[in-house]
Amino acid sequence: MAPGLGLAYPWGRDVRRGTPVVVTMENPNYSVVEIDGPEAEALRAGVPGPPMDKGRGRSAKQFTWVLLLRAHRAAGCLASLAADTWALPSAVAKRFRRAAAAEGLGHGHGRGWLLYRFIKALLALSVVALTVELAAYWKGWHFQRPNLTVPELHVPEVEDIQGWLHTAYLAWMSFRADYIRRPIEFLSKVCILLFVVQSLDRLVLCIGCFWIKLRKIKPRIEGDPFREGSGYLHPMVLVQIPMCNEKEVYEQSISAVCQLDWPRDKFLIQVLDDSSDESIQMLIKAEVSKWNQQGVNIIYRHRVLRTGYKAGNLNSAMSCDYVKNFEFVAIFDADFQPSPDFLKKTIPHFEGNPELGLVQARWSFVNKDENLLTRLQNINLCFHFEVEQQVNGVFLNFFGFNGTAGVWRIQALEESGGWLERTTVEDMDIAVRAHLNGWKFIFLNDVKVLCEVPESYEAYRKQQHRWHSGPMHLFRLCLPDIITAKISSWKKANLILLFFLLRKLILPFYSFTLFCVILPLTMFVPEAELPVWVICYVPVCMSFLNILPSPRSFPFIVPYLLFENTMSVTKFNAMVSGLFKLGSSYEWVVTKKSGRSSELDLLTSAEKNRKCITLPQLQKQLPENSELIEINVRKEQGEKVPDDAKKANKIYKKELALSLLLLTAATRSLLSAQGIHFYFLLFQGVSFLAVGLDLIGEQIS
């Protein structure tokens, strides 16, 4: 290895003599050169060599090779850095083209195009502002706060002016204090007003839920209609299972529905398969054929023209001639597993209540403790069911149908216009139209149906996009019908102001604007102050109220608060696309399932049925597709089941990165008075840069 380079000149006297070295060049164009001398001979012999003569310097040959070595290494570093820099924009451009080609868009107007353009512009502006602020802070040109209540702009005297840069920065400070601060404060006051209104709505709902718990108010069935000698006549019930490429969950869903405790001559199961994969179609057909041979009234339906997504699938099934023989229809999505007594707990509520059109059961999640994302979803959905839907069901007899785990009176569906294909939230659409026609709803909080929540961030983001763009699209379509409907004025006001505007439009708007735009901007415009109660106290109190229905989630209150603000970006994007009928407002992506189940008896039954049916039986049931079935069975048998106990909880960088951004922005106003504003400013800028790049990568991936 080459010794340290002293850069001594050959003609100098007081320089050290060079030692024997071996120079190995990484470039294959150069050979290995050995510089030999008396000391090298002594070292080979194993004896100390003669003392070094400090009067001699390095030879010109040694000096040249060492310089070549250093130059080669420096050139390699520069080449690597240049290659990485050159590859980064080309990779980004390639991903942009790939995303545009995947969506069939050639002009850059993909989903969320305007919003993400805004985010990228805000990112660039923030980086520039951060650079200016850091440079100004190091020079002492910063916003000073002599006390906690009266902010003050420090304007130096004439003799303190340090050149044109200082003058320009002072002009910028005066400009932002006079012109930028006022629009930010006005917009923040509007958002604060909306925030207070939404908080009051949450508080009223929580008080209503507490009153229901205190007085033990819930829908009840008079007597026991199923006791011996009661004379109860079981009505005809149609059970529908809509699915589309649900390979992971079709078997357990069909198995659970086929085990419903109801007279077999009084109910029929429709498996409504919209799968585009022929192998999945064959597997579902085999499962249906297996249960049919066991005496269950179950049929398989597959549409040739797959239009209208789930609404089109349900509408096609309801057009069958035999449907007129049934009085009620129960709907279960492919990942839902009702208990055997589900129909016995729901159907009797219709007895003696001709105005009742819907009985909705609550969802229960088998994978709520799988990772951080599922835990945070469980908090939101528990509040939605136990507070929002239960309170609205008790006091208003109206809430949005959840699309599954519910029983409809077929007469209510027909009188309300049936399933329409005009939006992706067909469940909310039919619920609003039934409410306008005078039908009442009941929510059963104590009847739970097992299902799944998305375990990946990408699946959850697409689901939330559909859940927030669809209601805004529906609002545009239903507003004329609501205004002209023959219902009371307070019901119209509830639908327009609370159901749609406050909970579907205002909530994502103020959350995104206040916590993801205004709050970070105050880092660069410190003259615009936000009240501490808006930044800290009220959000924490509202988070406590949201977590009350799921007390086991209290340890996750801080991640939940920050994650909800993070998701406001996606929700706001979806709300805008639905409100203005952008391309993504009618986008339906089937949420990916994992096929989990926590019911021991259901697992045992499914395993038993899986063992009972063999490959020859499948080939006998479907002889025309025996080869395809054989391939799929062998493929499934060869797959290894992952060990859930060894799976570590996933930490989602996207949520946590933006959460850090919001956290540092909130604490900035509390801690800047203590003289550490610079450190939070720096951390804020780095967090915002990371989040902006991550959002851009999420959009183009």
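Which helix holds Asp178? Select Asp178 and you are in helix 4, residues 164-215. Helices here are DSSP runs of H or I with at least four residues, strands are runs of E with at least two, and both are numbered from the N terminus.

This is a predicted model, in which local features need pLDDT of at least 70 and side-chain atom pairs count only at pLDDT 80 or more, while totals for chains, interfaces and linings use all residues. Residues are numbered from 1 along each chain as its sequence is written, and side-chain values use heavy atoms, with hydrogens and water left out.

**Stop 1: Asp178.** Asp178 is partly exposed, at a relative accessible area of 41%. The cut-offs are under 20% for buried and over 50% for exposed, with partly exposed in between (1.4 Å probe, protein chains only).

**Stop 2: helices 9 and 12.** Select residues 372-395 for helix 9 and 457-484 for helix 12. They pack at about 25°, with axes 11 Å apart. Axes are lines fitted to C-alpha atoms, for helices over the stretch in contact, and angles between N-to-C directions run from 0 to 180 degrees. Helix 9 and helix 12 are therefore roughly parallel; angles under 35 degrees count as such, over 145 as roughly antiparallel, 65 to 115 as roughly perpendicular and the rest as oblique. Show side chains for Leu373, Gln377, Asn380 and Leu381 of helix 9, which meet Tyr457, Tyr460, Gln463 and Trp467 of helix 12. Contact means heavy atoms within 4.5 Å. By class, this contact of helix 9 with helix 12 has 5 nonpolar, 3 polar and no charged residues. Ala, Val, Leu, Ile, Met, Phe, Trp, Tyr, Cys and Pro count as nonpolar, Asp, Glu, Lys and Arg as charged, and the others, Gly among them, as polar.

**Stop 3: helices 11 and 13.** Move to residues 426-436 (helix 11) and 489-521 (helix 13), which pack at about 160° with axes 11 Å apart. That angle makes helix 11 roughly antiparallel to helix 13. From helix 11, select Met428, Val432, His435 and Leu436; their partners in helix 13 are Lys491, Leu495, Phe499, Phe500 and Lys504. The contact of helix 11 with helix 13 has 6 nonpolar, 1 polar and 2 charged residues.

**Last stop: the whole chain.** Zoom out to 20 helices and 9 strands. Of the 701 residues, 48% count as buried. Among contacts between residues at least 6 apart in sequence, 80% join residues at least 24 apart.
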